[in-house]
Amino acid sequence: MRSDTKKVIPQPEPFVLPRYDEIALVLQGGGALGSYQAGVIEGLAEAKVEPHWIAGVSIGALNTAIIAGNAPENRVAALRGFWNAICHPLDWVGSVSAWTLPGLGLHDLSRKWASMWAAGRALTEGQPGFFAPRFPLPMAGLGKLDPSRVSYYDTAALRATLLQYADFDRINDGAIRVSVGAVNVRTGNLTYFDNRKMRLEPEHFMASGALPPGFPAVEIDGEYYWDGGLVSNTPLTEVLRDSDHKDTLVFQVDLWSARGNAPGDFPDISERAKDIQYSSRTRAITNMLAERQKHARFIKELLEHVPTSVVKADPLFCLAQQAADGSAINVVHLIYKNKPYEGHYKDYEFSMDTMLEHWQSGLDDIRDSFSHREWFDVPSRELGFVTHDVHRPAGSVPESDKQPVETELGKRRKAAA
């Protein structure tokens, strides 16, 4: 029996966060996978969670421009406009692959062929409002050319797209701190362009995503810059550098998964190598933070044996006390999970269908994260540093997420008691 009753979809309730001194959004690079981050932003908007600081690299920097360049109520619409502008709808070949083979029970194979075709189109045609093949290509042996012209693609269209979907006066008004990472081509050093230190223009965000040799270096104040992911694809360090003595909540949105299956062929090797290369920095940083917290705990236990009068009188002891009283950091880690039909080309596969799938994955993951309300409690200073991830396998929760770090000194004191 047919029912004309319209199904009512419950809307998520606003999420009331505990008080944090800093709420940061950290957006990794990953090309076409970046629409996963847009889905996470939609989930944050649903929950009425407003970041104080956004740090991005590469496609994460472009998403950062759209987020910071729009009022909270307009951000999701602006992100949709941006991603719709730079993605191709499937042409007839892709549509046949995507929609015909599933009827034969070959869904993953059909999606794989459609994705491969879309990635091939990106290589040969470029992406509207983003990049176009450079013709003619610069020829070797004809003398030195301007570094901004030595690339396979021209990204001039991206500047106009950013100006269309982001208000750069709003980006620079200081309401949200913005940091985007790029590599100085001459020195090889990673630089963060920060709206607290300079006025940010489209070029700063384009520089963060200028991955060679596909995209050209971007000139800023007489220096040339490439994609920040060449040095560090995850700007988490930049955020945590300022986290001392602050209770900080970080939404870390990664586009490459460190965990994966052993590759079975050469294309799988290429995909797996990208995942490991671009995800490894996050693992290194979180391991470093856990170790730092262990050292801070050790210093704090030592200071308990020093008279207060001595601590106050000696500047070195005062510095040690500051180091021991570190920050409480909570990292909610959202990591894009590969689809069975994806391959090594997933970061330049810009079809509309795949973009929407990535977007929905990000929205699902942040909604799932918010369903664990206890994850968002402010960690105690004793605990110091915790991480949460909806995709973390059972039994792999770090010890730092379970209990305060116990040093060797603490163990000996317990034994003596």
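Predicted model: local features only at pLDDT ≥ 70, side-chain atom pairs only at ≥ 80, totals over all residues.

Visitor: Where does UniProt place the feature "active site"?

Guide: The unreviewed UniProt entry places "active site" at Ser58 and Asp227. The two are spread over 170 residues of sequence, yet they cluster in space, with a largest C-alpha distance of 5.9 Å. Both Ser58 and Asp227 belong to the lining of the largest pocket. UniProt positions are given in the numbering used here, feature names are shortened, and such annotations may be inferred rather than shown by experiment.

Visitor: Why is Ser58 called buried?

Guide: Buried means under 20% relative accessible area, exposed over 50%, and partly exposed in between (1.4 Å probe, protein chains only). Ser58 has a relative accessible area of 11%, and therefore counts as buried. Asp227, at 3%, is likewise buried.

Visitor: Which elements hold Ser58 and Asp227?

Guide: Ser58 lies in the loop between β2 (53-57) and α2, whereas Asp227 is in strand β8 (residues 223-227). Helices (H or I, at least four residues) and strands (E, at least two) are DSSP runs, numbered from the N terminus.

Visitor: What makes the pair Asp227 and Ser58 a polar contact?

Guide: A polar contact is a pair of N or O atoms within 3.5 Å; within protein, one must be able to donate a hydrogen and the other to accept it, and residues adjacent in sequence count only if both atoms are side-chain atoms. The side chains of Asp227 and Ser58 make such a contact at 2.7 Å. Setting aside residues up to four places away in sequence, Ser58 touches Gly29, Ser208, Gly209 and Asp227. With neighbours within four places left aside, Asp227 is in contact with residues including Val57, Val183, Ala207 and Leu211.

Visitor: What makes a space a pocket rather than a cavity?

Guide: On a 1 Å grid over the protein atoms alone, a cavity is a set of points where a 1.4 Å probe fits but cannot get out, whereas a pocket is an open set with protein on both sides within 12 Å along at least five of seven lines; lining residues have an atom within 4 Å of a point. The largest pocket holds about 670 Å³. Among its 34 lining residues, the closest to its centre are Gly31, Leu211, Phe215, Asp347 and Tyr348. Grid points are joined across faces, edges and corners, and a volume is the space filled by probe spheres set on the points. At least two lining residues come from each of α2, α5 (107-125), α8 (202-208) and α10.

Visitor: Why is α1 described as largely enclosed?

Guide: Eleven of its twelve residues are buried, so α1 is largely enclosed by the rest of the structure. Its cover includes β1 (22-27), β9 (247-254) and β10 (328-335). Beyond four places in sequence, Glu42 is in contact with Val76, Arg80, Trp359 and Leu363.

Visitor: Is Ile276 buried, exposed or partly exposed, and what of Val250?

Guide: Ile276, in helix α10 (residues 266-303), has 40% relative accessibility and so counts as partly exposed. Val250, in strand β9, has 0% and therefore counts as buried. Val250 and Ile23 are 227 residues apart in sequence but 5.9 Å apart in space, C-alpha to C-alpha.

Note on methods
Residues numbered from 1 in each chain as written. Heavy atoms only, no water. Contact = heavy atoms within 4.5 Å.
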